[in-house]
Structures are given as structure tokens and as C-alpha cells.
Amino acid sequence: MPRGSKEKPSRKRAAKAKAAKRPAKRQGAKAKAPGAKKRPASVAARRAGLVVIALAFAGGLWTSHALLELDRIVVERFEGRRFSVPSRVYAAPIVIYPGADWQRLDLRGWLTRMGYREQSEAGPLGVGHYRWLPGRLRVHLRAFEHPQLPEPNRKVELRLEKGRVREMRDDRGRPVDVVSLEPEPISSFYGEGREQRDLVELANVPTHLTAAITAVEDRRFEEHHGIDPVRIAGAMLANLRAGGIRQGGSTLTQQLVKNFFLTPERTLTRKVKEALMALMVEARYGKDQILEAYLNEIYMGRRGSTSIHGVGEAARFFFGKRVADLEIDESAVLAAVIQSPNALSPHRHPERAKERRDLVLSLMEGQGRITAKQAKRARNRPISTAAIALESGQDRYFLDALAKQLPEVYDAPLLAVEGLRIYSTLDPTTQRAAVRALTEGLEGLEKRLGQKTNAAGEPQALQGCLLAMRPQTGEILALVGGRDYSRSQFNRCTMAHRQAGSAFKPIVYAAALSPGSGPLVTLASRIEDEPIAVETPDGLWEPRNYDDAFRGPVGVREALERSLNVPAARLGQLLGIGNVVQMAERLGVSSKLPDVPSLALGTAEVSPLELAVVYSTFANNGLRPTPRSFIGLLDDRGVGQEQWPLAGARRVLDPGTAYLTTSLLEGVVDRGTGAGIRARGLRGPIAGKTGTTDDEFDLWFVGFTPELVAVVWVGYDEPRAIGVPSSRGALPIWADFLTEVSGARVRGVFARPGGVERIEIDPETGARALAGCRLRKTEYFLEGTVPEETCPRGGSPGGGGFFRRLFGG
Amino acid sequence: MRPLALAVITCLLTVALGCAGGAPLPPGFSPSLRPLTASSALGRYDAARDGSLRLVIEGLDEDQSARPARALAKYQRAIRVDPTNPFAFLALARYHLEGNSVDEAGAFLDQARALFEAQGDLGPSVDVWGLGLRAGIDRARGRDERADALFDQARRLSPEIWGDERLAARELR
């Protein structure tokens with residue numbers, strides 16, 4: 001306990017004791033009155049004096065204590081962390097180059113979202129402005145910070161032709177190879193107040209902005225000591241004349257003090273405190289420090305559910321530019337807004353904002369802060385604002401996932417105040433496609449199937465998740481963990497563990513095809529699709545196919561393409577479930593997998609993120625990437641704090657087996673349960689697998705191209721039948737997503753690695769097809785696993801030998 | 001007359017072959033081998049690959065100018081543009097080997113090899129990088145016997161480059 005508070009009770013006790021004695025003395029004094037006429041008066045006066053002194057002393061003590069307390073608050077706030085700045089998360093920069101599809105990259109949308117403004121008037125392009133010309137786009141790109149590669153301001157002209165960037169040149173006409181665009185802010189880790197601000201240093205604030213603010217808010221700012229009696233008197237007079245409160249007498253320092261330390265209530269005590277603290281602030285700190293604090297603190301309006309504080313954020317919000325790049329008229333708008341940010345918002349009330357802006361300009365001119373010419377030019381400019389780019393609530397799922405990947409020191413309270421700039425792997429175009437595909441897909445499904453209710457009759461929303469990953473790097477390009485973040489923050493991409501169903505089967509086939517198992521099968525092998533019964537502690541397990549039919553011996557391809565359960569269960573038994581578990585773990589499953597025969601059919605619960613890694617490993621030639629969602633962060637001054645460089649993917653599967661598995665999964669898309677992908681017009685290298693669990697509780701589609709893996713899961717949070725298989729539930733969402741991201745023609749190839757042979761076989765027997773074999777198809781084999789049997793039976797594999805000899809192989 | 005004609009024909013053939021081969025040989029290569037460098041790979045695939053390769057080239061220039069952080073960033077950005085560009089991973093392998101992050105170098109080299117292979121580019125013109133870098137990784141891991149054997153193979157392909165057992169950024173450029 002502080003010393004002061006210990007002393008208080010003793011003083012109180014002493015005062016009480018005094019008070020207790022006082023009446024007795026007075027009575028005594030009255031009794032002695034006749035014999036002492038003059039004494040009582042002098043004693044009383046002396047006593048009264050003592051009381052006054054004591055009271056004055058106590059009052060002084062109390063006042064000193066109160067002042068010291070106020071001073072402590074001022075110092076603590078000014079010299080500690082002055083502002084809570086939520087840490088902001090940025091997407092990865094878009095890179096443009098000659099030949100890039102600028103429409104798919106959404107260059108036009110990027111200009112709008114980033115607050116770039118079209119400049120129609122002739123003359124040099126201002127920073128953050130662009131101009132469309134026939135077949136060309138000229139843009140003056142803003143500088144941006146980045147943990148790895150900051151970029152300066154630069155002017156670029158893009159020649160555009162048939163949806164592509166034909167060539168790029170700088171302002172001197174020199175060719176430019178590659179341009180990285182400023183990363184888009186996605187969202188922020190807000191604190192309770194959901195305040196957003198972008199801290200500025202006074203040195204970077206144009207003088208016309210401070211001039212505009214002081215002109216209208218506190219013209220004698222440089223002269224007064226915190227309170228301005230002249231201004232107060234003037235305000236009182238104006239208010240008396242107006243018959244109500246029309247004008248405030250607060251100085252900038254008082255406004256700062258009010259926002260910094262006090263509540264907005266209008267009481268005399270608060271006003272006194274405000275005045276005292278303003279004096280203290282002025283006594284302790286220089287005008288520059290006070291002005292800088294004010295510029296960062298002042299409330300400037302709202303964007304959705306967040307409030308904009310400070311001129312830095314306001315410059316971005318209203319004009320899409322850094323504060324240093326503001327023009328005089330824009331500075332005047334910011335100064336105008338301060339009085340009543342919502343009523344004077346240039347977005348919502350441009351007329352009112354213009355009226356007040358012109359008043360600010362007149363004041364600036366009248367006070368000699370700008371010339372008449374400057375004022376006239378500024379007054380002639382219309383109010384032109386940047387578009388409001390509202391944050392997508394759905395991006396919050398990604399932020400939550402990112403927060404979990406950040407080092408532990410960056411916990412939620414710190415992220416809410418520290419003003420970090422976190423640079424993520426999110427690709428804005430891919431993310432928008434994911435949000436749209438999932439949202440519209442789920443809405444369409446629900447419309448078709450009707451909304452379900454639970455036992456209590458409450459409606460149950462059909463949920464889903466879509467996650468896209470770069471297979472070579474593990475970078476998460478898009479993540480939408482649910483249908484509506486505002487209603488449910490549960491991230492179904494990373495936190496939900498649901499039965500994988502048939503989407504698990506490729507793991508079993510990879511294990512069976514890999515040299516580690518023998519290999520148990522080749523792509524020419526046939527597996528018995530006959531009833532099978534396995535003893536388990538819970539009784540006999542007898543898997544069945546989706547149609548309850550048994551087909552006898554079926555080819556490996558057909559078994560997976562038709563997602564037959566019995567052959568997969570048989571493979572699981574032949575491999576040993578322990579080996580299936582091992583393969584799943586190697587490929588990227590980290591959930592605990594049960595050692596049960598039904599594992600081969602996907603009864604284990606895994607997260608969509610885990611499946612994304614597994615399929616990335618297939619897509620990446622057997623190299624398993626590490627998922628990553630951020631690449632680095634800067635502190636609030638732009639100084640690099642953390643970097644997370646790209647980590648190399650690890651070899652966990654031989655490239656040959658990865659290729660054979662990929663080839664099987666291509667077959668699923670070309671002919672099997674995933675054929676809906678082709679039916680939707682998507683062409684090029686695509687592989688994937690549907691997954692529908694028993695009773696259609698969970699629908700999956702996991703698919704990939706050479707450069708992208710995407711997982712779609714659809715289901716209810718409280719598991720229940722959906723009523724459609726994954727080919728009609730998850731697959732259409734996946735296809736819509738890929739179409740938007742890649743176009744109808746997917747780039748790249750799934751190329752055959754060395755060590756995999758391409759041989760013609762008889763599809764009925766799996767034997768090597770020689771001349772005279774009636775049926776034949778091409779199949780792939782790991783070296784040394786080419787079938788020895790031939791078609792026609794007994795023929796010599798001389799043909800292959802002949803060609804080998806001919807080409808010296 | 002005949003020797004002169006032969007000389008002229010030889011000169012013309014040399015010029016013609018040089019033109020057909022595209023980019024000139026980078027410093028350090030024996031004339032017998034035309035290595036596939038980032039620059040000489042330009043124009044062989046599509047626009048995305050070229051955009052990515054140009055970032056790799058910029059990164060190699062940064063590396064050569066002793067700005068490794070910027071180089072790393074450019075390589076990573078190159079992968080964003082085209083994740084199947086083997087040169088971006090090869091440059092990363094070189095970068096990490098120079099920084100003695102041997103495991104990372106090995107992982108990126110595996111990735112580069114897989115991509116080269118998938119694109120049908122494996123052969124001496126690409127092996128020259130892989131062999132030497134693999135040898136460097138083995139050397140850093142203390143597997144000298146294996147490193148010696150691999151460096152021998154790499155030196156046979158390009159004695160100038162691997163004579164000092166190191167790959168300079170400009171050589172890959």
C-alpha cells in the first residue's frame with residue numbers, strides 16, 4: 001500500500017479525537033465566561049485561524065495529491081504507449097508482368113480497393129492516381145513497405161491488349177519487366193473499441209494539413225499554454241448571441257486531453273480536470289509532441305464497424321493516399337471533418353463537407369496560412385474521395401488461422417495494440433473466388449434441399465469450408481472457414497475434424513503402389529471386389545460398396561475411379577492398417593488415426609487442412625510442404641521484426657508413386673466420381689477425389705492442378721444427412737472456384753518423372769499388350785514393375801526389346 | 001583455297017549454331033556444354049514463366065550485389081508468379097547453400113530437380129547445376145567422398161564453374 005494511504009487513517013483518527021474534545025472545552029469556556037471577558041474572543045480567533053490553516057493545509061495536500069495524480073496519468077500516457085493500434089494483415093502482393101491476364105488479376109478492382117483515384121485532368125499524374133487511355137493504363141504507384149521487398153513510388157504505363165498486359169514502361173519510356181503492386185490490407189486484429197489508425201510522425205505531415213487544422217480548430221495553438229482565454233471568451237459571446245451552445249472554446253490540447261484521458265460527459269468537474277491536464281500537458285511537452293499526439297488521436301469517422309482515428313488512417317480512408325501525399329484541398333477536408341465526422345463525412349455528405357472545407361480554406365487564407373491563389377485553386381476542386389473498401393468478414397477466418405501460426409509472443413492482446421503490419425500469403429483474387437464459390441454454393445444447395453431444423457425446431461445452417469494451398473510451398477492462398485463469420489467463428493478448415501470418407505482412399509492406394517509395400521499393386525493389377533469379413537473387437541466388419549453390388553476382379557483404376565469400398569478395404573487388409581497409418585502420417589495427417597480396418601475407407605476424422613497437405617504432396621511429386629500463412633511482420637514504425645522465409649518441402653514419397661497416384665486421381669476426374677469437373681467445362685491437368693461419408697453426413701472434394709490444391713468440405717456442425725453425394729454437393733463448389741481462379745483451361749502438366757514407364761497393356765488381364773492383342777491401353781509403371789505376362793498369352797515381349805535396342809535404351 | 005573455304009564454313013556454322021542456341025554462353029562454361037540458365041530459359045514457356053524468370057534474374061543480380069535479403073524476396077516472389085519455375089528453387093538452393101542452411105538447400109534442390117524432371121528438362125545442361133550443388137551440400141555435411149565424386153562429375157561438365165566448388169549467382173543468371 002502507498003505511504004499516503006497509510007497516513008490517511010491516522011489523520012482521520014486525530015481529527016476525530018480533536019472533535020470529541022471540542023464540545024467539552026466549549027462548555028468549560030462558557031462556564032468560565034464571567035472571569036475572562038477578552039480571552040474567549042482571542043482564543044476563538046486563534047482557533048478559527050488554526051482551523052483555517054489546517055483546512056488550507058489539508059486542502060493543499062489534497063490538491064497536490066490530485067494534481068500529482070493527474071500529472072502521473074499525463075506522464076504515463078504520453079511516455080508510455082500512447083495509442084492502441086490494431087495490427088493489420090496484408091495479402092501477398094500481386095505481381096504483374098508482360099503477358100499477365102490483368103482482368104483475372106482484377107487490376108481495375110485493385111485500383112479501387114487500394115483507393116487509387118482516376119485523374120482525368122491533364123498534367124502529371126499524382127501519386128495514387130491513374131489514367132485510362134485507349135489500350136493503355138498509366139498509374140503512379142505509391143511506395144509501400146514490406147518485410148522483404150519495399151518498393152518506391154513509381155510511374156508505370158501498361159499497354160493492354162486482349163485482356164493481357166502487352167508491355168510495361170516507366171516514365172522515361174524504358175521497358176519494365178515486373179511490377180509488384182502494394183499488398184491489399186485484409187483486416188486487422190482489433191481491440192474492444194475496434195479503433196483503426198495509421199500512426200503518423202509530424203515530420204511526415206504536410207504543413208498545410210496542420211495549418212488547416214489549427215486554422216479552424218485552434219488558431220492560437222502556438223501561443224496559448226493549454227487553455228485559451230481569448231477563445232473561451234469568444235465562444236461564450238458567440239453562444240450567448242446564438243442562445244445556445246454553438247461554438248466550443250477548447251484548444252487542441254484540451255481536445256487531446258479529453259480524448260486521451262477523460263470521458264465525454266459534460267460536467268464541471270470534467271471541464272476543470274480537462275483544463276488542468278491541458279496546462280500540465282503544455283508544461284511538460286512541446287507543441288510538436290502535442291500536435292503529433294492530436295493528429296494520431298482525433299476521431300475521424302467510421303468504416304463499417306470500425307472507427308477511424310487520426311489523420312493517417314483518415315487520409316487512406318477518404319483519399320486512398322498517405323498523409324504525406326495530401327493536397328491542400330484534401331487537408332482542408334480532413335480539418336473540416338473533425339468538427340462532426342459523421343455529419344460532415346465527404347463520403348456520405350459531400351456537399352456539407354465541401355461547404356465546411358471552403359470555410360477552412362477561407363480561414364487559412366484569412367490567417368495568412370495559404371495564399372489567395374492557393375485558396376482559390378483548392379476551392380475550385382471538387383470533393384473527390386476514394387471508394388470505401390469494406391473488410392470482408394469472411395477473411396476473418398484466415399486471420400484466426402494466421403494468429404495461430406504466429407510465434408506465441410504475438411498473442412491476442414498484443415496484436416490488438418501493437419500496430420504490427422503482418423504480411424500474409426493470402427492471394428486476394430483466389431480468396432474472393434473462394435468466398436464467392438462457397439457462399440453461393442451453400443446457398444444454392446440449401447435452396448435445393450430446404451433448410452433443416454434441429455430437434456428443438458431451430459434452423460440449422462448448412463456449413464462448409466474452402467481452403468486453397470500452393471503445393472510447392474504450402475502457402476495458403478485462400479481460406480474460408482465457414483459460411484458467415486459474424487454468426488460462427490468456428491474455423492472448419494483448421495479446427496473441424498470430420499470423417500474423410502473416400503477422400504482418404506488415395507492414401508491407401510499410394511501405400512499399395514509405393515515400393516515400400518512391394519509394391520503390393522501396380523496400375524495393371526486387379527483387386528477382388530468380393531464380400532470380405534474382418535474380425536474386430538466389435539464383431540465382424542463387412543464393408544459394402546455404395547450400390548451393394550460386387551463386381552468380381554476390378555482394375556485398380558476402376559476401383560478408385562468408382563470409389564469402391566471393398567477393394568480399398570481389401571488393400572487396407574493386405575497392407576496392414578499400421579502401414580496405412582504410417583503413410584497417412586508421412587503424407588501430412590497429424591490427427592490421431594485409429595488402428596481399425598475401416599480406416600481404409602476414411603472413417604478417421606481429419607481436418608481439411610491436413611487433407612490439403614496430403615494432396616499437395618501428391619501434386620508436388622512426393623515432396624510434402626509445410627503450410628504457412630505469413631511471411632513476415634513489421635512494427636508500427638515499419639521496422640522488420642520477424643520473417644518466415646519459405647521452407648523447402650520434404651521428400652516423403654518417391655516421385656514415381658506420387659505420379660501414379662496423381663494419374664489415378666486424374667482418372668477420377670476424367671471418368672469417375674469426379675467427372676462433374678469435366679462436365680463443367682474445365683480442361684487441362686486436374687486430379688481429385690470425392691468423399692461422401694456414410695449417410696451423407698460429410699461431403700468432400702479434394703482436387704489439384706500442378707499449381708493449386710483446394711479442399712471443399714460441406715456438412716452440418718451437428719452432423720446429419722445432407723441428402724446429396726459429394727459429386728452434387730462439394731464438387732460443384734470446387735469447380736466454380738477453380739473456374740474463377742484458373743479459367744476454363746488449367747495451366748501446366750502432370751509430367752511423368754524418370755523411373756516411371758509408359759507401357760501398353762491389355763485392360764482386361766493387365767498383361768503387357770503385344771502385337772495381336774485385341775484390347776490395349778496405356779498404363780504407367782514404376783521401373784521394374786512392368787507386367788511379365790503378355791497378351792496374347794505366351795508371346796515374347798520382343799517388341800519392347802526391339803524398340804529398346806533400336807533406340808539404344 | 002580449300003583450307004580457307006573450310007575455315008569460312010566452320011565460321012559460318014559456328015555463328016549459325018550460336019544464333020540457334022539463343023543466349024550467349026555464361027562465363028565459366030566450357031563450349032561443349034550449353035547450360036540452361038535463367039536467362040536462356042526465357043521465352044521457352046509462357047508469360048507467367050517469363051515473369052517468374054525475370055524475378056529470378058533480378059534476385060540473382062541482388063545476390064551478386066551482396067543484397068541477400070532482397071534476393072531471397074525476389075526468389076519467393078518468383079515462386080508466387082510461377083510455382084513450377086525450377087530456376088526459382090534452384091536459386092533458393094544456391095542461396096541457402098551459401099548461407100550454410102544445408103537442409104534447406106537440399107530440400108529446394110529436390111524441388112528444382114522434380115520440376116526440371118516434370119518439364120522434361122533434365123540433362124547435362126541442367127545436371128551441371130544439380131551435381132555441383134548436391135556436391136556442395138555433401139561437402140557441408142562432411143560427406144567428402146561423395147562430394148568429391150559429384151564435384152568431379154560437375155567439373156567434367158563445366159570445369160570453370162565448379163573449379164572453386166562454388167556457384168556464383170551470375171553463373172546461374
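**Close-up 1. Buried residues of helix α19 of chain A in the predicted model.** Helix α19(A) covers residues 577-587, and its buried residues are A:Val580, A:Met583, A:Ala584, A:Arg586 and A:Leu587. Viewed down the axis of α19(A), these buried residues fall within an arc of 160°, so they line one face of the helix. Elements that cover them include α16 (505-513), α18 (565-575), α20 (608-619) and β24 (623-624) of chain A. Just after α19(A) comes A:Gly588, with a positive phi of about 135°.

**Close-up 2. Helix α5 of chain A, which lies largely in the open.** Helix α5(A) runs over residues 229-242 and has 14 residues. At 1.5 Å a residue, α5(A) should span 20 Å, and this agrees with its end C-alpha atoms, which are 20 Å apart. The number of buried residues among the 14 of α5(A) is 1, so the helix lies largely in the open. A:Gly243 follows α5(A) and has a positive phi, near 75°.

**Close-up 3. An open sheet of 5 strands in chain A.** The strand order is β3-β4-β5-β6-β7, and the pairing is mixed. Strands β3 (117-118) and β7 (164-170) of chain A stand at the edges; each has a single partner strand, so one side of each is left without a neighbour in the sheet. Strands of a sheet pair through backbone hydrogen bonds, in either a parallel or an antiparallel sense.

**Close-up 4. The pairing of β6 with β7 in chain A.** Strand β6(A), residues 154-161, pairs with β7(A) in the antiparallel sense over 6 bridges. Opposite A:Glu161 stands A:Arg164, which belongs to β7(A).

Conventions:
Residues numbered from 1 in each chain as written. Chains lettered and ligands numbered in written order. Predicted model: local features only at pLDDT ≥ 70, side-chain atom pairs only at ≥ 80, totals over all residues. Pairing = 2+ DSSP bridges. Helix = DSSP H or I, 4+ residues; strand = E, 2+ residues; numbered from the N terminus. Buried ≥ 20, exposed ≤ 12 C-beta atoms within 10 Å, placed from the backbone. Arc of directions from axis to C-beta. Contact = placed C-beta atoms within 7 Å. Expected span 1.5 Å × (residues − 1).
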